[in-house]
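Reader: I am new to this structure and would like to go through the terms used for it one at a time. Could you set each value beside its definition as we go?

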Amino acid sequence: MNVILYLIGLSLLLGGGGLGVFLWSLRAGQYEDMEGAANRILFDE
Amino acid sequence: MTTLALDATLGARPAPRERTASLCVHCGQETAGGRFCCAGCEAAFATIQALGLGAYYQRRLLDPALRAPRPEIQEQRSFARHLRTDARGVHELTLAVDGLQCGACVWLIESVLARAPRVLTARVNMTTRSLRLAWRGTPDQADDLVARVEALGYRLVPFDPACLAAAQDRTGRALLRALAVAGFAAGNVMLISIGTWAGLAQGMGPATRGLMHWLSALIALPAIAYAAMPFLRSAVAALRAGRTNMDVPVSLGIVLVTAISLVETLRGGLHIYFDSALTLVFFLLAGRVLDHRARGRARATAEHLLALRAGDVSVLQPDGTTRRLAQDSVAIGDRVLVAMGERIGVDGIIDRGQTSLDASLVTGESLPVAASPGAQVFAGTLNLGEAVTVRTTATGNATLLGECVRLIEAAESRRGRFVVLADRIARRYAPAVQIAAALTFLLWWAVLGAPLATSLLVAATVLIITCPCALALAVPVVQVIATSRLFRSGTLLKSPTALERLAEIDTIVFDKTGTLTEPTLALADVAALDPAALRVAAALAATSRHPLARALTAAAGPAAPAAGVVEHSGQGLSHATPAGEERLGSRSFCGLPPAPAPTPELWLTRPGHPPCRFAFAETLRPDARAVLDRLRAGGLRIILASGDRAGAVGRIAAALAITESHAELSPPDKVALLERLRAEGRHVLMVGDGLNDGPSLAAAHVSASPATGADVSQTVADVVFQGRHLRPVADIIETARRARSVTRQNIALSLAYNVLMLPLAIAGLITPWLAAAAMSASSLIVMSNSFRILRGDRS
């Protein structure tokens, strides 16, 4: 049953990583222009 | 034909244009023949092709409701004053962009600027319609960069710092952060809980169970402490003020569930409920985030008006220097310098300089108005052109803006505090639940003789199972769905209680100008006019932005602007032709003897022809009659209240079959009328658009304003609707009534669920998985029921 310790630790790490990335993207202002972002993918730069 | 281009109804697809005249390749407006409507469009087209950005024309979607991208001649302006420079010599400038149509515009502007020398960043934000520019070089380069974009047909104005602060939206970000934390923690704790429940069924050892519980506690405690803050703060604030709101039972539930679970974890008990607490927080936060988003734009307007009253002004000293002073310390007669893009801080008279002003705050007229020395200006007006000096006539609360804000505040304090339905229920619900829990404890401890710990746990389960998860969702979910439904059709609900108040109304008071009638004037009796004169006048008028000139061009159809027309600020236009001078403008400008004008008018004089008069009249909104009939059919009493003369009001009332109309009302008269109706026990919806309607909008039970109205009225109104049509007024009332019935069903459903579960909880039969399943099920039922508001939308 020791494997449970690694697996739980790993899953928390992965989930926490996702949370960290979301908070980073929020701080980086990626949610400030949802309308523009939806349009931007249509144009290659 | 051109009126089609003015159709600004949101939601409705633009009507197909008749292809009788050729359309300009660049701006899509009708031309007098040829590929371009004007030299500006031709130059813009050439520029775009030369830069290899021709794909823009295939990619864009022109919306006829928006201003066409036709380049206009701009006054020489200097932007250097508005930029920020950092230590490394990088200049940054934020500008509001007028004329953004679709994603292709964003791409075009960014591509054009990216090709300009030394530009580091050029990024357009479509949501806030702003452009952020950063470049390395001289500050003067700003003017060149702005000119490049304006040559394409857009118009750039320095971004108001007040708007900038609103665009950053700190509250929205904090809510999103809390939502992310709650979501992460809820997901992980739920996974661990499922493991624990499965383990309990298969004989999991106490050590493993303890580990699972401790892990859950480790994740849940910090997450709840962070994510539940918005509710805890609001609950504490309500309790301090001696009231209760929905956040009080919610917070009590969250805190109790967490505390009991923690105690159970410490003493190695069987059941913990961290997952329930976290899911509850997550659902509620999701509702708050959506609600916040839906009302974001309207909130920016409100914050904007407050910001207008702050700002310093630059006072010119006798020695020619300027000093920044607070608005209140400016003396009458002081000369105030107003730079381009700055709000005028005082009421006054222009002393020196020629400019154009955006007076939409005061008059609701969104087109810039030319102003020259001697013109009266009001605080809150935005200076779009060159710097001017203004001689102060009133400051602070004595200004027109200050006067209006004071009247509004007085009216709002009379309106009193409206208690929302959810809070009225919370007031009875919270004590009832607490009494039930206390009785359960007494039953187990005193009557059945159970141990103290068991009795406490059962009493706590009663609190957990009755924690008003579904009840707390019942109202916000309906609000979010109804708000976003209205938002999609171009109606902004600004006040969170507006829907409930709208559902109660039984009387509607309409203002006339700009509300029942269209906000812009239209040329009257087009058929009776000499077509040749109209053509000449339209060619002159096409060069001007003046509202009357715009109305004239709109009525005359496509016309090539005449070359070499000179605009005389506030008087008219002149055009030198080989035969003599043509003039279009006021009676005195055209050299005619003075006479009273019953309606707004323009005169045209040209050599060899008699002077020709163009009269302008108000036109009713196209669907005004139909909407009023629909409202009357809904059992509503309709009243017309206007500041206009009795004759004009009577004509409109007759055309719309309104039996109750009041004319020549001053703003206090209108407030008095509303007070009288209130005394009769009526719930009134006030619809108005002008600065003078501000106080009565605040005095009504609930109020609506068209988006073309003055900023003041939009700020005060609970609802702001867009477009040429009056239909949104009927729509919001219908949506509000439907929302009210769905809300009532939701509350009944969640109360019924509580009544069903309560006996199980009192009997001590509730386990964590049952609590989680019951809670989610009731929340889902309430949510799916709420979507019935959208019923019938697809047809």
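Reader: What makes strand E21 (residues 601–605) of chain B largely enclosed by the rest of the structure?

Author: Four of the five residues of E21(B) are buried, and therefore the strand is largely enclosed by the rest of the structure. A residue is called buried if 20 or more other C-beta atoms lie within 10 Å of its own, exposed if 12 or fewer do, and partly exposed in between, with C-beta atoms placed from the backbone. This is a predicted model, in which local features need pLDDT of at least 70 and side-chain atom pairs count only at pLDDT 80 or more, while totals for chains, interfaces and linings use all residues. Residues are numbered from 1 along each chain as its sequence is written, and chains are lettered from A and ligands numbered from 1 in the order in which they are written.

Reader: How do you know which strands pair with E21(B)?

Author: Strands (E, at least two residues) and helices (H or I, at least four) are DSSP runs numbered from the N terminus, and two strands pair if DSSP finds at least two bridges between them. Strand E20 (residues 580–585) of chain B is joined to E21(B) over three bridges in the antiparallel sense, with B:Arg583 having B:Thr605 as its bridge partner in E21(B). With strand E22 (residues 612–617) of chain B, E21(B) pairs over four bridges, again antiparallel, and here B:Trp603 stands opposite B:Arg613. The hairpin of E21(B) and E22(B) has six residues between the strands, and B:Gly608 takes a positive phi near 85 degrees there.

Reader: Why are E17 and E18 of chain B said to stand at the edges?

Author: The strands form an open sheet of six, in the order E17-E22-E21-E20-E19-E18 of chain B, with antiparallel pairing. Strand E17 (522–523) and strand E18 (565–568) each have a single partner strand, so one side of each is left without a neighbour in the sheet. Further in, strand E19 (residues 572–577) of chain B is joined to E20(B) by six bridges in the antiparallel sense, and B:Leu573 has B:Leu584 as its bridge partner in E20(B). Helix H19 (residues 531–541) of chain B lies across E18, E19, E20, E21 and E22 of chain B, running at about 80 degrees to E20(B).

Reader: Why are H15(B) and H26(B) called roughly antiparallel?

Author: Axes are lines fitted to C-alpha atoms, for helices over the stretch in contact, and angles run from 0 to 180 degrees between N-to-C directions. Angles under 35 degrees count as roughly parallel, over 145 as roughly antiparallel, 65 to 115 as roughly perpendicular and the rest as oblique. Helix H15 (residues 452–465) and helix H26 (residues 727–762) of chain B pack at about 165 degrees, with their axes 9 Å apart, and they are therefore roughly antiparallel to each other. Their contact is made by B:Thr461, B:Val462 and B:Ile465 of H15(B) together with B:Met757, B:Leu758, B:Ala761 and B:Ile762 of H26(B).

Reader: How do you know whether B:Val346, B:Ala657 and B:Glu664 are buried or exposed?

Author: B:Val346, in the loop between strand E8 (335–338) and strand E9 (347–352) of chain B, has 26 other C-beta atoms within 10 Å and is therefore buried. B:Ala657 has 11 such atoms within 10 Å, so it counts as exposed, and B:Glu664, with 11 C-beta neighbours inside 10 Å, is therefore exposed as well. B:Ala657 lies in the loop between helix H22 (646–655) and strand E24 (660–662) of chain B, and its phi is near 60 degrees, a positive value in a residue other than glycine. B:Glu664, found in the loop between E24 and helix H23 (667–679) of chain B, also is not a glycine and has a positive phi of about 50 degrees.

Reader: What makes residues of chain A and chain B count as being in contact, and how many are there?

Author: Two residues are in contact if their C-beta atoms, placed from the backbone, lie within 7 Å, and 18 residues of chain A are in contact with 19 residues of chain B. On the side of chain A that touches chain B, H1(A) gives the most, with seven residues.
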